[in-house]
Amino acid sequence: MNKKKKKKYANTPKWAKQKNKKARHDARIRLAKQWFAAYEGTGKHIVHAYRQKFKVDVTTALSDLGEIGALTPEQVAMKQQAEMVRLEHLWREKAEKALQDFYDRFPDSDDRFFFIAGYTSGGAPYGVTWEEMGLEPWEMPEDF
C-alpha cells in the first residue's frame, strides 16, 4: 500500500502561483485577453465562463472583463447592481432562516412571552415575559 503523495496545489495554474496580488492580476489579465479572443460562447454567459476558467468571484470577474473590454462600463455596472441585489436576497433569506430556526427552538414563545407556561380557561397565555428575562423580544439569550 505505497501511495504517492499528491502535491497540495498540483492543479493550480502557473499564473495563480505568483507571489503578490498585482502579479497575479497582471498575469490573469494577460491570459484573459487571449481567452476572450478565442471565446465562442454567448455574451449572456461570459461572466460564468470567465469565473469557471479563472476561478474568481463575480466581482473580480466583472472588473476583469470590463478591464479587457469584453463588457462595456454600462454592462459592468448593470451586472454589479444585479449581483448586489442577489447577495442582498441571499442575506435576507439567511436571516429569515435563522429567525425561523429560533422560532422552531422556542415554540412556546411569542412577541410578549419568552416562555408560555400555559393558557387560562379564557384562552389568555401566561408565563415568563421577555422583560422578566431582561431581553428584548426574540433576542437570543447569552447562555444558549
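Helices H3 and H4 pack at an angle of about 175°, with their axes 10 Å apart. This makes H3 roughly antiparallel to H4 (angles over 145 degrees count as such). Axes are lines fitted to C-alpha atoms over the stretch in contact, and angles run from 0 to 180 degrees between N-to-C directions. The model is predicted, with pLDDT of at least 70 required for local features and 80 or more for side-chain atom pairs, whereas totals for chains, interfaces and linings use all residues. Residues are numbered from 1 along each chain as its sequence is written, and side-chain values use heavy atoms, without hydrogens and water.

In the contact (heavy atoms within 4.5 Å), Val 58, Leu 62 and Gly 66 of H3 meet Val 76, Lys 79, Gln 80 and Glu 83 of H4. The residues of this contact comprise 3 nonpolar, 2 polar and 2 charged, with Gly counted as polar.

Val 76, Glu 83 and Phe 102 of H4 are buried (under 20% relative accessible area, 1.4 Å probe, protein chains only). The cover over the buried residues of H4 includes helix H3 (58-68) and helix H5 (130-133).

The protein chain contains 5 helices and 2 strands (DSSP runs of at least four residues, H or I, and at least two, E, respectively), arranged along the sequence as α-α-α-α-β-β-α. Of its 144 residues, 24% count as buried.

Note on methods. Buried means under 20% relative accessible area, exposed over 50%, partly exposed in between (1.4 Å probe, protein chains only). Angles under 35 degrees count as roughly parallel, over 145 as roughly antiparallel, 65 to 115 as roughly perpendicular and the rest as oblique.
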